[in-house]
Amino acid sequence: MIGRRSIPYLRSIVYVRNIVYLRSITSLRSNAYLGNIACLWDILRLRLLYLPVILIGISFLSISFLACIPVVQPACAAALSAAELTAIELPAAEPSTTGLSAKEELGKRIFFDEQLSEPKGQACSECHFPDAGFNGVGDVNITIYEGVMSGRYGFRNPQSTAYTSFSPPFHYNYMASILRRGYVGGQFWDGRAKDLVEQAKGPFLNPVEQNNPSGEEVARKVCQSSYANLFKEVYGMDACDNPSAAFDMIADAIAAYESSTESNRFSSKYDWYLKNPKKYPLSKQEAFGFEAFTKSLCFFCHSSRPGQYSDKPLFTNYTYANMGLPKNPDNPWYNMPPSINPAGKDFIDYGLGAIVNDHEENGKFKVPTLRNVAVAPPYGHNGVFKSLKEVVHFYNTASFPDLWPPPEVPENVDRIGAGDLGLTEEEEDAIVAFLKTLTDGYTPPSSSVPTHSR
Ligand code: HEC
Ligand code: HEC
């Protein structure tokens, strides 16, 4: 298991490193790029300093860190914010999809195959529809999707199967623990699947989803399908001989499709803008929204710059946070029979906390990508928000007394970039306009399409 508690002294080192890290940014905040370089240097340099740092007394520095973090954190944020505001020139985004490889094509056939449920009729794509950014079907009135068995529901809003292939395998990261978000990566809202291959097997067997009795049964269906030859072409003529191994191959093919350029298109207006801000500018309102997004520190979790997982911005850093979302009273899970939901209406979704069995992680959910978010309502792990405007208004005012129902899990609520942002109505609307620039499939007006020499 992830030995977070087993090596607590490492955590103290992170605290120590943090003080220097954050202070370096404070002193350099007039030049944010320099500040970022200094941060990186500090991180590298401090790796060499672990031993002396331990010697000069972890406990003293930990206490001083705790005392000063509220002061330096906003300064760090301001420095990063300034850097965000500078337009970045990136290598060309690839707005058009290239052809799929044989394995990706196989994964696609499986992903869209309605025969692979029990009874037949439900494909992965039913809850991960391409036009809705592979995130539900984009119908605001459907929060929780019914499984293939009528009347059976899970308790969460689907996530996007796009841009999730960049999520690293689930792990604990001491650097990320700087902001109390040490767990990173994995799949699902609560990170319970280590990676995409492990994830892909889940829905086939989940009784509230495709409800197959076994992986072998799914393999048998694929081996009798119209694309069985493609399956053998990719995994060998004997691929169907061992149904248990074949189930692993099926998951592998799905993961390949989820990692393909058809799933991860990077073809939004924002991608075109990054490619060439002068030629493909954002509108005035969108640019104002980007400023407000940056000023509000949304990028802390929904990174709008290239990062360690991709050379293009993913609008998530795959960490986990409790944004204090209220319960969604319309969640059909509350009315499921006690055999499925013994807690009834008192059910509480602890997210990551229940998976790692640590109350300090209660209420935390994986930061979703904001790519294609405009076409994928409703929002949040429980679908409590119906519109983007509502989400942004919540972030802006969540800590105002009596304006919102209490958080489902009041512990560990994160108030960086949320709570009381002081945004005007105009800024809220502009953030929504900016989020709409993240929808894939954008075609720039013909006058701005570059002309190719023949
Ligand atoms: C009945 C609806 C439904 C079906 C069918 C379904 N899913 Fe999902 N999917 C969900 C929900 C709901 C979640 C979030 C569940 C959670 O976090 O507990 C999810 C989460 C995921 C995730 C995690 C994404 C992330 O960002 O972590 C992936 C990947 C995924 N599904 C792929 C698939 C694949 C592949 C199939 C078909 C084999 C499939 N799903 C079938 C509803 C569905
Ligand atoms: C501390 C990290 C963090 C910050 C900062 C943050 N978010 Fe989020 N965001 C999350 C997490 C975690 C969720 C999922 C919460 C849940 O479902 O419980 C989320 C959900 C969302 C969603 C819903 C997406 C979906 O697919 O359901 C939107 C939209 C969003 N955030 C926009 C923003 C905006 C705009 C800002 C800045 C005002 C912002 N976020 C700041 C972590 C963050």
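Biologist: Which helix gives the largest share of the shell around ligand 1?

Modeller: Helix 6 does, with five residues. Before going on: this is a predicted model, where local features need pLDDT of at least 70 and side-chain atom pairs count only at pLDDT 80 or more, while totals for chains, interfaces and linings use all residues. Residues are numbered from 1 along each chain as its sequence is written, and chains are lettered from A and ligands numbered from 1 in the order in which they are written. Helices (H or I, at least four residues) and strands (E, at least two) are DSSP runs, numbered from the N terminus.

Biologist: How many residues surround ligand 1, and which are the closest?

Modeller: A residue joins the shell if its C-beta atom, placed from the backbone, lies within 6 Å of the molecule. Ligand 1 has 26 such residues around it, and the closest are C124, C127, F188, W189 and P203. By class, that shell holds 11 nonpolar, 10 polar and five charged residues. For the classes, Ala, Val, Leu, Ile, Met, Phe, Trp, Tyr, Cys and Pro count as nonpolar, Asp, Glu, Lys and Arg as charged, and the others, Gly among them, as polar.

Biologist: And how do the residues around ligand 2 divide by class?

Modeller: There you get 22 nonpolar, five polar and one charged. That shell has 28 residues, with C298, C301, Y379, H381 and G417 the closest. Helix 13 (residues 388-397) supplies the largest share, four residues.

Biologist: Back to helix 6. At what angle do helix 6 and helix 9 pack?

Modeller: Two packed helices are described by the angle between their axes and the distance between the axes. Here helix 6 (residues 196-205) and helix 9 (residues 243-258) pack at about 110°, with axes 8 Å apart. That makes helix 6 roughly perpendicular to helix 9. Axes are lines fitted to C-alpha atoms, for helices over the stretch in contact, and angles run from 0 to 180 degrees between N-to-C directions. Under 35 degrees counts as roughly parallel, over 145 as roughly antiparallel, 65 to 115 as roughly perpendicular and the rest as oblique.

Biologist: Is the crossing of helix 6 and helix 9 left-handed or right-handed?

Modeller: Helix 6 passes helix 9 in a right-handed crossing. A crossing is left-handed if the near helix is turned anticlockwise from the far one by less than a right angle, and right-handed if clockwise. On the helix 6 side the contact uses L196, V197, A200 and K201, and these meet F247, A251, D252, I254, A255 and E258 of helix 9. Two residues are in contact if their C-beta atoms, placed from the backbone, lie within 7 Å. This contact has seven nonpolar, no polar and three charged residues.

Biologist: Where do the axes of helix 7 and helix 9 stand, in distance and angle?

Modeller: Helix 7 (residues 215-223) and helix 9 have axes that come within 8 Å and cross at roughly 75°. So helix 7 is roughly perpendicular to helix 9. Helix 7 brings G215, E216, V218, A219, R220, V222 and C223, and helix 9 brings P243, S244, A246, F247 and I250. Those divide into eight nonpolar, two polar and two charged.

Biologist: Is F266 buried or exposed?

Modeller: F266 counts as buried, because it has 24 C-beta neighbours inside 10 Å. N211, with 18, counts as partly exposed. A residue is buried if 20 or more other C-beta atoms lie within 10 Å of its own, exposed if 12 or fewer, and partly exposed in between, with C-beta atoms placed from the backbone.

Biologist: Which peptide bonds are cis?

Modeller: Among them is E118 to P119, with omega near -5°; P119 is found in the loop between helix 5 (102-111) and strand 1 (171-172). Another cis bond joins P377 and P378, at an omega of about -10°. P378 sits in the loop between strand 4 (365-366) and helix 13.

Biologist: How many residues of helix 14 are buried?

Modeller: Eight of its 11 residues (425-435) are buried, including I431 and F434. Their cover includes helix 11 (284-295) and helix 13.
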